[in-house]
Every structure is written in structure tokens, then in C-alpha cells.
Amino acid sequence: MANRSILDLLPLDIVELVVREGKNYDRKDFCGLRLVCKAVNELVEPEVFSTITIHFIRDDSEKWRNIPEFLSNLASGMNPYVRWAKELQLSGLVPIQFADVYWSQYDPWQGEEREAMLACQQEWLTAAIESLVQVERVRFVANSREPYHDVLRALGNLPRLRDLSIIFHSYSPFEDVPFAGFSNLNSIRLTGLPMTTHILDGVKALLAKSPSMTELVLNAPHQPDRPDGPGEKKVELSSMVEDVMQPNFSPTLKELTISAAPLKLSPSCAPFLRSLTSLEILNDSAHVQPSFWKALQDSGVHLQELKVAPLRQPIVDYLLSYSGLRGFTLDWSEQDAEDVEKVVPRFFHGVLPRHRDAIQSISFKHTKLGPWTVTQSYLNEGVYLCKKLKYLTLIYYFPSPNEKHTHPIIPLANLFREISDNLPQLEILRLEHTRKFQRSFGCGYACGQYFQTVGRAFASHIISSKSQFSSKRQPQFDLDAAGTTFISKPVGAASSGSDPETGSGSGSGEYYRFDIPKASDNLELRCDEAVFDCDAYSGDEGFY
């Protein structure tokens, strides 16, 4: 009887549920489940050791003194991580360049400690990495001052590696990047990719050896062209994947994230993208050839997720050519497209109705006052037709009391009521408030205080609007606005930081009941009169 296991008392599926639930609590307590019995340890151990992090971090905890023993233990093959680790995270290695480099004076490792850690890294790091033969996913923050050559060569020897993510982070250039050992990857994410000819040739070979990849991220740092210099290198994506597209090539790529400025998209790359369902374009879609979108249409590519900036007419024409878009994000851009006045009505009145049966998310990443500011017709003839919406961002006009109105004002109480009645599946509504702003007001601390004051005024405006709210149904969505979350359903005090029944609390980042019709919530807000002088303007000041 003394040797009975917990599995003699509970079915295996119940024990597995307990283990999965335990992952949501303190890691130390979850690891302690290994001591219950051998049977529970067999369930818990693979979860405890599923992710391994290797970095040389020096702090006051003195844990860094265990780094040599940890790496040597990994290299010996006796560590549980060797049996169970599926994900490896690498960062913060000891720089191998010496004190003549400017940044060396800021290194956390100095003197004898540096020499000891450097010797440990040279002796054990490569062997420790190569011992992790079960690893399938790697995230490596590469710094040109660190031994990234050795690390990448070791990673290339991992037999089960399928997902590779490299973040190039450095203040000095990368001369080359050894990609030769990698093949048959499903996911390739290269962020901050140096745009040198040698490195791009390596990436091209890497893609050629992973013809069945489903996710590709090529994010190069954006550097504006200089009138007196060569500017950044421009590369066609089609030239990077030409070795992949052999005669019997079958497209498998589902997700593509690309920097449009240094990496150009043209019609010639459309055959490579025939299976694409998600496209994210960074650094301004203006660098994408307009004919690219027509090529996608002709190739029968029906995107389900699209993130661009700015939205241009060829993109709208493409979106109107099919149905099935599930998520759209208008990313931040320094300026709107030249044809924005025509594009915006076509998006709300044409694109949204076209995808009304599928779209679940509409998001905007900027808050500029202008054509994208929501109007009643955009709601009635576009947004409210999309009954499956779960996530919605609206740019809302919130004028100063002394401001000459430049856009129609939608009363918040009416907005909440209409959204509740028309979007039954909505989970999160985000309101980005915007108003006329005098650019000459200033910057720095004073400007920050101004925006904080306007944010508090907007949150106060939401509070007062609740008392006017009436609807056929109470709101089922959570409202995010001005740094505050107004929740539609009770939540535990542990997650909200306040009493969900009273909505008590103050400051941004707190949670408040959204369906309580009262204006007594303890928000430390100031009325909008506090920003009168800040908002005063004359003449044609710029929009914010």
C-alpha cells in the first residue's frame, strides 16, 4: 500500500489536467510537483525542462557563479535539459573583443571575472549547445562583439531544429553570418538583418535549403537614403528566393513579414507566395510596387491577415477582389498616402462589406486627426456590418472645449449603445482619442504632461457617458482607452488590481467595471478645462 502511485487513485487524464493547471502558477511550486511521486515526475519533468535559456548575466544574486558548472553539466549530457528541452534561448554572451573597443568599458564583466567567464564560454558553450539534440526552436540575440560564429555553427548541428529566430543587435557591423549548417527549417525569422552582399548570399542559400518553410521574417533596419551617399541596399525578394523556385516547386509559405524599404516586393515574387495567408509589411508600403498587388490577385492569393502602412489604392483594389480577410491592421506611418481621402471611404464602405462574413479584427496603430477618424457613416455602412468582429480599434474625435470642430462628434453613449446592439461577438474595443494639437506647444516633459492631462480628461468623459448609456443588451466587450481598461464582466481582484464590484482604483493600467452607470469611480482625473491653454491655437496649425 505504501508504494501506491497517485495514478492508482486518479485517472491519468485527471492527473494531466492537474499538471497543465499547475503551469499557470508559481514556477517553483510547479517544479515541486516532481517530488510527489515517480509517476507525477514523469508528467511534470518534460514541462519543467522544455525551455532552456543560456546567457551570461552578472547581477547581485550571485547565481552567475553557477554558469560554469551548468554549462559543463550540459556538455556532459547528464542534465535533464538534454532529454527534454524543445526550445533554446540564447543572449547576453561574453564579448570576445577587447578593451580597445569603445563599448567594452560598459561590459558587466571586467578584470578577472571577465577572464574566468570568457574561458568558461570558450570551453563549454559550443558543446553545451550541441548536446541539446531535442531542441526544435531557437531564439538567438546575436551581437557582433560576441562569438556568434561559434554559436551559429553549433546551432546548425542540432538535428531537430525547425524554427530559427535571430535578432541582430549590435553597434558594430557584422562581417558575415554562417548560415551553411541550417536546412529544412519551417520558420525563419531574421530581425535587424544586415544588408551586406555576403550576408544576403547566405540568406539566399538558407532559403534554398528550406523549400518547405511556412513562415518567413526578413526585417532589415531602415536607413534613409542620403543625397550625398549610396543609401541602403535595395533587394528584390524574388532574387532572394529564385533558387527555391525550381521547376517542381510547390509553394508552402503561409506567413511573410518583410521590411518594404530595403526589401522590395514586385510581381516576380508572386509565384513564391501562392500559399500566403498572412502578410505584414514594415517600413512603409510605398516601397512596394503597385503591380505587386495585381500579381497577388492574378495568382489567386487570398490573404486572411494584412498589416500595412499606409493603405494605398492598389491595396484597396486587391482587397476588393476577393472575400475572406480575417484581420486588418493599419500600422504607424509618418504620413498618409496621397490618395487617402479616396482610400478611407472605399475601405469602410467597400472593403469591410466585402469581408463582412469573415473579418474579426480591425486595428489602427496611429491616432492622427484626419480621414481615418471614425464617422457615423463609416460605422453604419462598414463596421456594423461585420458581425463576427472580436477586436476593434476606432480613432475617436475628442475635441478640446475651445476647439473649432473639424469633424463630426459621435456621443460616446450612442457609440457604446450601437456597438453593443450591432456587434454581438465583440470582445475588445479600443478607442484612440485624437484632437487638434498646436505643434508649437512644445516637447519633452511639458508635452508629456499635456497628453497625460488629455488622457485623464478622456477617461473622465467615458465615466460620465456611462450614466447616459442604455441598450437592449449590456456591453459584452472590454473597453481600452486612455491607458485604462473598463471591463464588461467581473474579474478576480488578483488580476484587476481593484474591486470589480465597485470599480475602485486610480491611475492608468487599472481595471473598472464598464456596465455600472455611475460617475463616482475613484479615478484621479482633472476636468478638460485644465488643458484649455494647451489647446488654444490660431491659424492653420498642424493636426496631431
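These legends accompany close-up views of a predicted model.

**Figure 1. Overview of the predicted protein.** The chain holds 544 residues, and 45% of them are buried. Its secondary structure comes to 17 helices and 18 strands. Among contacts with a separation of 6 or more, 70% join residues 24 or more positions apart.

**Figure 2. Helix H4 packs against helix H6.** Two packed helices are described by the angle between their axes and the distance between the axes. Here H4 spans residues 67–76 and H6 spans residues 111–130. Their axes lie 8 Å apart, at an angle of about 25 degrees. An angle under 35 degrees counts as roughly parallel, so H4 is roughly parallel to H6. The crossing of the two helices is left-handed.

**Figure 3. Side by side: the residues where H4 meets H6.** From H4 come Ile67, Pro68, Leu71, Ser72, Leu74 and Ala75. From H6 come Met117, Cys120, Trp124, Ala127 and Ala128. What is the make-up of this contact: nonpolar, polar or charged? The residues divide into 10 nonpolar and 1 polar, with no charged residue.

Figure 4. A disulfide is a covalent bond between the sulfur atoms of two cysteines. How many disulfides does a search of the whole structure find? The search finds 0.

**Figure 5. Thr126 on helix H6.** Thr126 sits in helix H6. Is Thr126 buried or partly exposed? Its relative accessible area is 31%, so Thr126 is partly exposed. Setting aside residues up to four places away in sequence, Thr126 touches Asp150 and Ala154. Leu152 is 26 residues from Thr126 in sequence. The C-alpha atoms of Thr126 and Leu152 are 9.3 Å apart.

**Figure 6. Asn283 and Asp284, two residues with positive phi.** Most residues other than glycine have a negative phi, and most peptide bonds are trans. Asn283 has a positive phi, near 60 degrees. Asp284 also has a positive phi, near 85 degrees. Where does Asn283 lie? Asn283 is in the loop between strand E10 (278–282) and helix H10 (290–298). Asp284 lies in the loop between E10 and H10 as well. Asn283 has a relative accessible area of 31%, which means it is partly exposed. For Asp284 the value is 26%, so Asp284 is also partly exposed.

**Figure 7. A cis peptide bond at Pro310.** Ala309 and Pro310 are joined by a cis peptide bond. Omega is about -10 degrees at this bond. Pro310 is placed in the loop between strand E11 (305–308) and H11.

**Figure 8. Tyr318, a buried residue in helix H11.** Tyr318 belongs to helix H11, which covers residues 313–319. Its relative accessibility is 1%, so Tyr318 counts as buried. Which residues does Tyr318 contact, leaving aside neighbours within four places in sequence? They are Trp293, Leu296, Gln297, Val301, His302 and Leu303. Val351 is 33 residues from Tyr318 in sequence, with 9.5 Å between their C-alpha atoms.

Notes
Residues are numbered from 1 along each chain as its sequence is written. This is a predicted model: local features need pLDDT of at least 70, side-chain atom pairs count only at pLDDT 80 or more; totals for chains, interfaces and linings use all residues. Side-chain values use heavy atoms; hydrogens and water are left out. Axes are lines fitted to C-alpha atoms, for helices over the stretch in contact, and angles run from 0 to 180 degrees between N-to-C directions. Helices (H or I, at least four residues) and strands (E, at least two) are DSSP runs, numbered from the N terminus. Angles under 35 degrees count as roughly parallel, over 145 as roughly antiparallel, 65 to 115 as roughly perpendicular and the rest as oblique. A crossing is left-handed if the near helix is turned anticlockwise from the far one by less than a right angle, and right-handed if clockwise. Contact means heavy atoms within 4.5 Å. Ala, Val, Leu, Ile, Met, Phe, Trp, Tyr, Cys and Pro count as nonpolar, Asp, Glu, Lys and Arg as charged, and the others, Gly among them, as polar. A disulfide is a pair of cysteine sulfur atoms within 2.5 Å. Buried means under 20% relative accessible area, exposed over 50%, partly exposed in between (1.4 Å probe, protein chains only).
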